[in-house]
Amino acid sequence: MDIQNQSSTSEPPEAGTIMGTSQSSPSSPPLLVDEEQRTAATATNKGPKKLALIPLVFLIYFEVAGGPYGEEAAVGSAGPLFAILGFLIFPFIWSIPEALVTAELATTFPGNGGFVIWANKAFGPFWGSLMGSWKLLSGVINLASYPVLCIDYLKLVFPIFSSGVPRNLAILFSTILLSFLNYTGLAIVGYTAVCLGIVSLSPFIVLCFASIPKIHPKRWVSLGQEGVKRDWKLFFNTLFWNLNFWDNASTLAGEVDQPQKTFPRALFSAGILTCLSYLIPLLAATGATPLDQVKWVDGYFADLAAMIAGKWLKYWIEIGAVLSVIGLYEAQLSSCAYQILGMANIGVMPKFFGSRAKWFNTPWVGILLSTMIVLAVSYMNFTDIIASVNFLYSLGMLLEFASFLWLRRKMPKIKRPYKVPLPLPALIIMCLVPSGFLVYVMAVANKIVYLVSVLLTVLGIVWYFLMKLCRSKKWFEFENSVDKDENEDEYSLR
């Protein structure tokens, strides 16, 4: 619109000019200057391809869900009725508040780094650095579970991958291959996520249609089988695990085309896709088959598919599970890598960590560092470590909610392209509900989880003071730029 207005109001070029270029200088032939201008304009406009709406929707979808795979434990722990109610109600008390906070802050401060920037601007560099440590450790160590899970699915078809050297080599090469795909560019990863999402969801669409003639609605209101004790801890952890990580995509904000408009739309669309992909297959499977509660564990959807439609659908769902794991890995590796890039951009990490590849413009150092940690953790027995990183993620979310509320009070007049339409008291209530759940998740942790979480937190604190020392001694080069945006005339993230 601005360009059109300028074109309509600008005066015609003066006499003696060609294409707006003066002929008065004999040393600058008009055609040569015109060619130089076109070359300069092309160089100026050339840049990394930005992430569009549809790829961003599926990246967020894989950050959070990746399909119904993994929701089976909700039925096994509490019965069909509570599982259905959980996936129907829990998004309103947890997912929607997290997504709303992400939409407002990601559009107000649309830079790589996401939640690190928010905590930094709210409470200063120490808390920004600690937020980065908590979220990065939880993200990367959680990422290590996906190559292992992928091989666990493949060993059902190829038993050679069950143990020993073949298994270790399979984990190594699968991790390297999946990480290399991330190196080729975020746009490629985004459209790969679209394809993986469609293919991994397609067997569940078939499952739902095949279930319709066999559904008995009274099965939906079952409280579970007699003699099967409810495991509320497993139930809530399953809901939390399957409806979490809405804010992870915020670290990609700097790579998104028109983030102020695209991010809210993507979050809303991904939210609908996620809820439907959990709820509809759950209704279909529980309504179409007799309840055998103890069998409702991870992977049981494949057996249910065989009961409803035949073994061909079982194999299709197992293939879809592998593709879903690939999508989960790619989406979360992107978030971790661009978080490292964003932390380098605001001086939390040395400038070197923000390096981009010349060919693909991707944060190759962030990808390499994340991949190395993934490989190190993949060969460990990390059950307690995974529980610990969930604890760290909960700490990070509490800090994120606090940052959101404090920025509302600290910067009430800052331009917010998307703003949660609630006053501050209502926002406090909105954040208190999921915060209470986070406190519950942390309270039921065991001693080992507390110990590992404290050690990793101390590591994050040591990192902050080590980086502060490196900056003062000038051992490494750090980013010292003053960032500008439309919201403030000038601000420093440091």
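Asp303 has a relative accessibility of 32%, so Asp303 counts as partly exposed. The structure discussed here is a predicted model.

Asp303 forms a salt bridge with Lys314, and the closest N and O atoms of this pair are 3.5 Å apart. The bridge links distant parts of the chain: Asp303 is in helix 13 (residues 300-308) and Lys314 is in helix 14, eleven residues apart. Lys314 has a relative accessibility of 23%, so Lys314 is also partly exposed.

How many salt bridges does a search of the whole structure find? The search finds eight. One of them joins Arg416 to Glu104, with 3.0 Å between the closest N and O atoms. Arg416 lies in the loop between helix 16 (383-410) and helix 17 (424-443), while Glu104 lies in helix 5, so this pair ties together parts that are 312 residues apart in sequence. Arg416 and Glu104 are both buried. A network of salt bridges links Glu104, Arg408 and Arg416.

Another salt bridge is formed by the side chains of Lys135 and Glu400, at 3.1 Å from N to O. Lys135 belongs to helix 7 (residues 125-143) and Glu400 to helix 16, so the pair ties together parts that are 265 residues apart in sequence. Both of these residues, Lys135 and Glu400, are buried.

## Charges over rings

Lys135 also has an aromatic neighbour. The charged end of Lys135 sits over the ring of Phe115, at 4.0 Å from the ring centre. A second case is found at Arg471, which lies over the face of Phe478, 4.6 Å from the centre of that ring.

## Aromatic pairs

A pair of aromatic rings is described by two values, the distance of the centres and the angle of the planes. The structure holds 33 aromatic pairs. In one of them, the rings of Phe115 and Trp118 have centres 6.4 Å apart and planes at 90°, so this pair is edge-to-face. Both residues lie in helix 6 (residues 115-123), and they are three residues apart, about one turn of the helix. Phe115 and Trp118 are both buried.

The pair of Tyr183 and Phe360 has ring centres 5.2 Å apart and planes at 75°, so this pair is edge-to-face too. Tyr183 is in helix 9 (residues 164-183) and Phe360 is in the loop between helix 14 (311-345) and helix 15 (364-378), so the pair ties together parts that are 177 residues apart in sequence. Tyr183, at 25% relative accessibility, counts as partly exposed. Phe360, at 33%, counts as partly exposed as well.

Rolling a probe the size of a water molecule over the atoms shows where empty space is left. The second largest pocket has a volume of about 410 Å³. Its lining is made up of 18 residues, and those nearest the centre of the pocket are Ile96, Ala99, Leu267, Phe268 and Gly271. Helix 5 (80-108) and helix 12 (259-288) are the elements that give two or more residues to this lining. Helix 5 supplies the largest share, nine residues.

Which classes of residue make up the lining of the second largest pocket? There are 16 nonpolar residues, two polar residues and no charged residues.

Most residues other than glycine have a negative phi. Phe245 has a positive phi, near 70°. Phe245 is found in the loop between helix 11 (232-242) and helix 12, and at 4% relative accessibility Phe245 counts as buried. Lys474, which is not a glycine, has a positive phi of about 60°. Lys474 is found in the segment after helix 18 (447-473), and at 71% relative accessibility Lys474 counts as exposed.

Asn142 and Tyr329 are 187 residues apart in sequence, and their C-alpha atoms are 9.6 Å apart in space. Asn142 is in helix 7, and at 1% relative accessibility Asn142 counts as buried.

Key:
Residues numbered from 1 in each chain as written. Predicted model: local features only at pLDDT ≥ 70, side-chain atom pairs only at ≥ 80, totals over all residues. Heavy atoms only, no water. 1 Å grid on protein atoms, 1.4 Å probe; cavity = no way out; pocket = protein on both sides within 12 Å on 5 of 7 lines; lining within 4 Å. Points joined across faces, edges and corners; volume = space filled by probe spheres on them. Helix = DSSP H or I, 4+ residues; strand = E, 2+ residues; numbered from the N terminus. Nonpolar A, V, L, I, M, F, W, Y, C, P; charged D, E, K, R; others polar. Phe/Tyr/Trp six-rings, centres within 6.5 Å; stacked < 30°, edge-to-face > 60°. Buried < 20%, exposed > 50% of the residue type's maximum accessible area, 1.4 Å probe, protein only. Lys NZ or Arg CZ within 6 Å of the ring centre and 35° of its normal. Salt bridge = Lys/Arg side-chain N within 4 Å of Asp/Glu carboxyl O.
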